[in-house]
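Subject: Structure handover

Hello,

Here is the structure for you to look over. My notes come after it.

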Amino acid sequence: MKLRSAIIFAVGLGAFLALATTASHAILYKWVDENGRVSYGDQPPPGAKPEKLNASIGPADPNAVRDMATKDAEIKKRQQQRTDEAAKTAKDESDGKKNLDQCVQARGRIKTLRNDTAVFRYNEKGEKVLYDAADRERAIADNQKLMRDLNCPVLPTT
């Protein structure tokens with residue numbers, strides 16, 4: 001019983017493959033019939049002016065593999081460039097935010113040093129030490145230099 005099913009399957013598969021290979025080599029024609037309709041078939045009717053649609057397959061392009069590899073390399077190169085540009089942009093934005101934060105902090109320190117009388121710092125022993133006038137001016141000058149080095153924007157005075 002199993003042998004019979006296997007034989008029937010093999011014969012059916014063989015017939016299918018035979019028909020599929022012959023159909024793939026058939027030539028397809030296109031023509032316009034007497035009613036003006038476009039028709040397709042492997043045998044044009046007598047008296048029709050058929051147009052051959054699938055001519056034989058041309059030779060393979062010997063440069064196709066090299067062209068595909070070149071295009072693939074170009075695509076990968078563009079993707080890498082986009083990734084690099086995105087990383088550079090993100091780094092620039094991060095650096096810009098960091099600089100802006102430092103500017104805000106330096107501006108706040110200068111304001112505190114100018115307006116508050118009891119400004120102190122911690123010495124190396126961890127004790128509070130009040131700024132005297134000379135220390136205060138030196139700290140203001142240091143913060144102003146930092147702001148110039150960072151190209152901090154000048155705030156409008158109101």
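The notes below cover the sheet and its strands.

This is a predicted model, where local features need pLDDT of at least 70, side-chain atom pairs count only at pLDDT 80 or more, and totals for chains, interfaces and linings use all residues. Residues are numbered from 1 along each chain as its sequence is written, and side-chain values use heavy atoms, with hydrogens and water left out.

The sheet is open and has three strands, in the order β2-β1-β3, with antiparallel pairing. The edges belong to β2 (38-41) and β3 (51-52), each with a single partner strand, so one side of each has no neighbour in the sheet. Strands here are DSSP runs (E, at least two residues), numbered from the N terminus. Two of them pair if DSSP finds at least two bridges between them.

Strand β1 covers residues 29-32, and two bridges join this strand to β3. Tyr29 stands opposite Lys52 in β3. Lys30 has Glu51 as its bridge partner in β3. In β2, the partner of Lys30 is Tyr40.

β1 and β2 are antiparallel, with four bridges between them. Their hairpin has five residues between the strands, and Gly36 there takes a positive phi near 85 degrees.

In a regular strand, side chains alternate between the two faces of the sheet. In β1, Tyr29 and Trp31 make up the covered face, while Lys30 and Val32 make up the uncovered one.

Best wishes

Conventions
Buried < 20%, exposed > 50% of the residue type's maximum accessible area, 1.4 Å probe, protein only.
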